[in-house]
Amino acid sequence: MDHRTKVVHAPARTPYARKLTSEHVEIVNGTAPHGTETVPRDMSLRWLLEHRPFNWFDVLHLHHVEFDDLPTLKSVLSECARFRRRVIFTAHDISPVFSSRIDYHRKLRTLVNAGVPFVCLTEASGAEIRRRFGDQVETVTIPHGYVVPPSAVPRHRPPGSEHARYFLFGSLRDNRDITTVLYNWRFGRHQHDTSLSVLLRAPGYINLRQERDRWTALLATAVAEPRLQVDVLSFPTDEEVAETASGCDALILPYRWGSHSGQLELAFDLGLVPVASAVGYLRDQYRCHTGVIDEPVWFDWSDGAEYAYGARFLTALDEAAERLRKLHRLAPSKEFSEHRIEEHAAIMATYLEVYTRPWT
């Protein structure tokens, strides 16, 4: 008899969600529990209400609640309570990325009122959640953990270069300042011998409608600048991202705002130098690894002094290039790999406790 706790993630498209499995925990997404219909990897709450698979899982694990409207969220919480399905929420984002602050706050308040536990990735973000919502909210801190499993991390880096090779990937959404990166990298006096590799998901109508200015800037730079390599894939796999990143030296994280970053953890996994804006709780993420990995090169985009942001970014880029010229990049250390293995074991033990906590 299978005694594993069955968890459905909303959504399960990220490495973060897909790694939360063990001999005690089974992820339902991507499977057909009753041999008929497959639960989508990118399952939405609307899909859950339409298909009503409440006997297919024990736990609904929410990761991002910006993609479904508030009435849908309330209906799902009500149905989960009726069927006694546990719900938990990992608070990757303390502030919204896609929606308004008011809408996002209402959704978080709805989760609090429903007694949904909040998993926070850092102690500082957990403190902020408790400040906003008071003693009514239940929080537990579980660090982000790896993006590339330690067993899949290349032990030897590809042939090196005496020039800094930067990597940028993911979306071109509003909270990432791509144009500042392009202009400062391309024209920076101390950046002329560097290169930039960009890996993006294939754009569709909705992407181009929302991000056209960034795609236009990227296209103009690519036409004029041979040091820029742009690759577009239908949906970059974990392996494709890791392979491209492993051929570079530094990962640029130009967040205008945000809370936490899986990309920061990916840089740590692969031994890249993160060039990162010190927004949200990114510094707190690094502090989880103090002593086993070098600190990122930070630039401050958090104080509202927007006219200084370009200079701060270029200064950080120059610092990263100089660090790489002096030290070069080595493969991740065995010490860090062992740290990741121990960290993941602790992560899964804590998640299992949250998943199986008795009903009150």
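Predicted model: local features only at pLDDT ≥ 70, side-chain atom pairs only at ≥ 80, totals over all residues.
Let me begin with Arg52, whose place is in the loop between helix 2 (45-51) and strand 3, where helices (H or I, at least four residues) and strands (E, at least two) are DSSP runs numbered from the N terminus. Arg52 has a positive phi of about 50° although it is not a glycine, and at 37% relative accessibility it counts as partly exposed; buried here means under 20% relative accessible area, exposed over 50%, and partly exposed in between, with a 1.4 Å probe and protein chains only. Residues are numbered from 1 along each chain as its sequence is written, and side-chain values use heavy atoms, with hydrogens and water left out.

In the loop between strand 1 and helix 1 (15-18) we find Pro11, and the peptide bond that joins Ala10 and Pro11 is cis, with omega about -5°.

Now the overall picture. The protein has twelve helices and twelve strands, and its radius of gyration is 21 Å, close to the 21 Å that the globule rule gives for 360 residues, so the protein is as compact as a globular protein of that length; that radius is taken over C-alpha atoms, and the rule is 2.2 Å times the number of residues to the power 0.38. Along the principal axes, the C-alpha atoms fill a box of roughly 65 × 45 × 45 Å, and buried residues make up 49% of the 360 residues. If we take contact to mean heavy atoms within 4.5 Å, residues 24 or more positions apart account for 68% of the contacts with a separation of 6 or more.

Strand 1 (residues 5-10) runs parallel to strand 2 and is joined to it by three bridges, with Val7 opposite Ile27. Thr5, which lies in strand 1, is buried at 11% relative accessible area, and beyond its neighbours within four places in sequence its contacts include His24, Val25, Asp58 and Leu352.

The other sheet to show you is also open, with six strands in the order 9-8-7-10-11-12 and parallel pairing. Its edge strands are strand 9 and strand 12 (297-299), each pairing on one side only, and the twist averages 20° from one strand to the next.

Which way do the residues of strand 10 point? Ala250 and Ile252 point one way and Leu251 and Leu253 the other, and all are buried. In a regular strand the side chains alternate between the two faces of the sheet. Strand 10 is joined by two bridges to strand 7 (residues 165-169), in the parallel sense, and Leu251 is the bridge partner of Phe167. With strand 11 (residues 273-277), strand 10 pairs over four bridges, again parallel, and Leu251 stands opposite Pro274 there.

Finally, helix 7 (residues 205-224) bends by about 85° at Glu211, the bend being the angle between axes fitted to the seven residues ending there and the seven starting there. Buried residues in helix 7 include Glu211, Arg214 and Trp215, and what covers the buried residues of this helix includes helix 6 (178-187), strand 8 (195-201) and strand 9 (228-233). Helix 7 lies across strand 8 and strand 9, running at about 130° to strand 9.

Definitions and conventions. Pairing = 2+ DSSP bridges. Axes fitted to C-alpha atoms, helices over the stretch in contact; angles between N-to-C directions.
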